[in-house]
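Let's take a walk through a protein model together. Keep the 3D view open and find each spot as we get to it.

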Amino acid sequence: MENIKGYINRIIYRNENNGYTVMSVDDDITCVGVFAFVSEGEYVSLEGEYVEHLSYGLQFKVENCKVIKPEDENGILRYLASGAIKGVKISTATKIVKKFGNDTFDIIENEPERLAEIKGISEKKAMDIASQVREKKNMRDAMVFLSEYGISMNLAVKIYNEYGEKLYTIIKTNPYKMADDIKGVGFKIADEIAKKCGLEPDSEFRIKSGILYKLNELLTNGNIYVPYEELKMEVEKLLGIDSVIEYDKNISELEFERKIIIKVIKKKENNDGNSNGNSSDNNVEQDNEDDVIRHVYISQAFYTERYVASKLLELNVTAPVDEDAVKEKIEAIEEEENISLDEKQKQAVVESIRSGLVVITGGPGTGKTTTIKTIINFFESEHLKVRLAAPTGRAAKRMQEATGREAQTIHRLLEVNNLSDDTDSAALFERNEDNPLEEDLIIIDEMSMVDIYLMSALLKAIFVGTRVVLVGDINQLPSVGPGNVLKDIIKSNKFNVVKLEKIFRQENTSDIILDAHRINKGEKVDLDKKSKDFLFIKRQTKEEVASAMLDLIRRHLPKYVNADINEIQVLTPSKIGPLGVENLNKIFQRYLNPESDKKKEKKIGEVLFREGDKVMQIKNNYQIDWEIRNRYGVVVENGKGVFNGDVGIIKSINNYTEYIEVEFDDKRCVMYTFKEMEEVELAYAITIHKSQGSEYPAIIIPMINFPRMLMTRNLLYTAVTRAKKCVCLVGMPEVFEYMKNNNSEFVRYSSLDKRINEMYEETRDR
């Protein structure tokens with residue numbers, strides 16, 4: 001590497017998120033790299049190499065940067081006058097250097113009160129100058145110290161801002177504290193630091209942090225709680241210790257600190273090992289150890305579930321209804337809309353009027369949409385206000401198209417703000433207990449996708465007296481987030497549930513609907529039949545399957561279903577493997593959006609992004625800005641928030657400013673920093689889980705051997721029901737048969753039904 005030394009003349013560009021900086025050194029050298037708090041006027045020693053940038057010419061790409069304290073008067077003056085120290089202009093800097101010369105920095109650091117000897121500098125200002133110089137030195141020292149432990153600059157800044165000078169003690173005594181206090185520092189980062197610091201593998205700090213880490217990790221897999229012994233095995237595996245001797249002691253201390261909640265369940269009341277049975281607050285000592293199971297909760301998850309149970313019961317009030325008058329009005333709506341409801345659908349309408357909360361569930365083609373439209377018409381005819389919402393943008397769009405009424409995401413309904421990105425923060429939404437929704441009826445579609453935290457936020461914004469209709473298909477996959485909200489509400493047997501089962505067969509009834517119901521019941525599906533919209537293309541090898549899928553996307557399906565090539569969606573059970581999301585996206589990118597001199601690209605992590613790529617947001621980002629522009633480029637609407645499952649196209653990549661522009665389906669344009677693109681994936685192929693709530697003109701599903709845990713009936717059923725016009729299954733019929741007949745589901749530990757029954761008994765006993 002080459003070495004250059006010089007003064008930073010100008011900071012041209014700085015990305016505050018990751019520290020990437022473009023700066024001019026000694027007027028004529030453009031240097032680029034990631035720097036830990038450098039300022040204009042500082043003297044630096046840089047190691048790196050000269051590179052030729054396509055757009056910006058010759059640059060010095062910096063690998064290592066060291067700030068050297070100025071030792072001569074000119075260097076000291078240049079630094080102080082650069083603006084690096086607020087309140088010190090060139091005239092003041094000149095006076096300071098003239099009086100103290102080469103000793104200026106020693107005076108500032110050790111005898112700052114002497115600065116007040118200079119006319120125009122008060123004692124307060126002298127202390128402020130010294131404080132700024134000390135803060136910059138302390139921060140830079142901290143950056144260097146933390147970098148020795150492999151901590152990125154972005155994370156190092158968070159650590160310094162949280163702890164200040166205390167960080168040295170915390171790093172050396174209990175680095176696991178950072179996992180509790182700082183977002184972005186997980187157990188694994190803290191554990192690596194702890195190893196370098198020489199902490200013992202069975203340290204109580206490590207065991208406690210490991211317990212909380214495992215609980216939170218299992219929460220991200222959809223669980224609300226974990227059985228005590230199962231958690232112990234997971235923690236032992238994580239820590240690499242055969243038997244965690246202090247496990248019971250440490251978990252008891254975490255319970256005492258209220259970081260976790262332990263509920264005791266009698267085995268005979270928990271015969272399915274999941275979410276049945278009644279919980280008890282009894283101590284284990286009062287029961288035979290062999291007769292009880294202990295469930296361990298993160299406190300936040302337990303109290304969120306309890307709140308949801310309580311609020312659902314509060315909303316579940318009934319009002320007297322003149323059924324004859326209601327049915328008369330339903331008949332008038334049927335005539336006006338030229339529809340005919342069956343008895344179950346009419347029951348759903350009546351219950352939505354009578355009950356504060358009603359659940360409507362059923363598979364595709366069973367008339368859920370017709371029922372919703374009738375409910376809307378009834379309430380609007382009574383001059384009552386109705387709002388419609390769904391968990392994702394695509395699901396809301398489907399709801400709007402089906403009902404002809406405005407529908408929005410639950411996040412927009414609750415008016416998401418940018419004050420916090422905490423999962424259950426009251427500051428996350430403008431609508432809450434203090435500012436509730438003012439509608440008379442709220443209808444939420446695709447309820448199977450709603451997790452416990454989103455449900456909690458929704459219920460906080462609904463006051464008693466508002467009617468709530470929850471609509472969903474319980475045979476779909478559960479939510480990505482924790483909980484099993486829809487199933488548990490139904491399982492509790494405390495609410496009015498209307499199950500629509502009749503398939504409304506018409507001459508043009510889709511094979512997609514009929515075969516989806518056959519799959520759900522485990523019945524025979526004729527894969528050899530000549531169907532217009534349910535096709536099985538037999539292929540034997542993974543290579544043949546991939547080739548056939550690509551051929552369908554490029555040549556056959558867009559014209560067949562009259563859709564854009566990017567509207568054809570490949571759905572696959574797995575992220576990894578030859579036909580998993582990661583590999584398929586590389587293949588499809590190569591052929592559907594090939595490399596070109598006209599397209600800029602950028603590799604971020606292991607993913608290569610290219611202008612024109614189809615991409616998906618994979619986690620909720622409540623703070624990112626978006627805007628909608630008209631055809632002249634004028635912004636006509638703006639806001640905040642991009643959510644898990646939103647799909648768009650990369651419009652531009654700017655390697656200089658480090659921004660990537662994505663335009664989403666609803667015309668929202670978002671400028672992502674390169675760092676923020678870690679929340680984005682290629683989306684030519686997506687997992688079936690990610691497709692929930694969406695509908696596509698045509699879908700393609702590989703039917704090839706995947707890990708057995710992914711080859712389940714409800715996964716296949718969910719995938720098939722995502723198609724509007726055509727389903728194409730490509731692969732081996734025996735794989736299809738295995739999935740159809742495999743009715744096992746991945747165990748998800750949730751207990752909302754138990755909390756509902758507990759709260760119900762509590763209120764009844766009052």
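A search of the whole structure turns up 43 salt bridges, a salt bridge being a side-chain nitrogen of Lys or Arg within 4 Å of a carboxyl oxygen of Asp or Glu. Before we zoom in, some ground rules: this is a predicted model, where local features need pLDDT of at least 70 and side-chain atom pairs count only at pLDDT 80 or more, while totals for chains, interfaces and linings use all residues. Residues are numbered from 1 along each chain as its sequence is written, and side-chain values use heavy atoms, with hydrogens and water left out.

Start with Arg 387 and Glu 439, a salt bridge whose closest N and O atoms are 3.1 Å apart. This one joins distant parts of the chain, 52 residues apart: Arg 387 is in strand β11 (residues 386-390), and Glu 439 is in the loop between α17 (410-413) and β13 (441-444). Those labels come from DSSP runs, numbered from the N terminus: helices are H or I with at least four residues, strands are E with at least two. Is Glu 439 buried or exposed? Glu 439 counts as buried because its relative accessibility is 11%, and buried means under 20% relative accessible area, with exposed over 50% and partly exposed in between (1.4 Å probe, protein chains only). Arg 387, at 22%, is partly exposed.

Now for a pair inside one helix. Arg 555 and Asp 551 form a salt bridge with the closest N and O atoms 3.2 Å apart. They sit four residues apart in helix α21 (residues 542-560), so about one helical turn separates them. Arg 555 is exposed at 59%, while Asp 551 is partly exposed at 28%. Helix α24 (residues 733-741) has a pair too, Glu 737 and Lys 740, three residues apart, and their side chains meet in a salt bridge at 3.5 Å, N to O. Here Lys 740 is buried, with a relative accessible area of 3%, and Glu 737 is partly exposed at 27%.

Salt bridges can also join up: Asp 180, Glu 204, Lys 208, Lys 249, Glu 253, Glu 257 and Lys 259 are linked in a network of them.

On to the rings. The structure holds 13 aromatic pairs; rings of Phe, Tyr and Trp (its six-membered ring) pair if their centres lie within 6.5 Å, and planes under 30 degrees apart count as stacked, over 60 as edge-to-face and the rest as tilted. Tyr 50 and Phe 60 are an edge-to-face pair, 4.9 Å centre to centre with 65° between the planes. Tyr 50 comes from strand β4 (residues 43-53) and Phe 60 from strand β5 (residues 57-68). Phe 60 is buried, at 0%, whereas Tyr 50 is partly exposed, at 35%. Phe 302 and Tyr 303 are edge-to-face as well, at 5.2 Å and 80°. Both belong to one aromatic cluster along with Tyr 225, Tyr 297 and Tyr 749.

Rings can have charged neighbours, too. Arg 294 lies over the face of Tyr 228, 3.7 Å from the ring centre, where "over" means that NZ of Lys or CZ of Arg is within 6 Å of the ring centre and within 35 degrees of the ring normal. Lys 494 does likewise with Tyr 760, at 5.0 Å from the ring centre.
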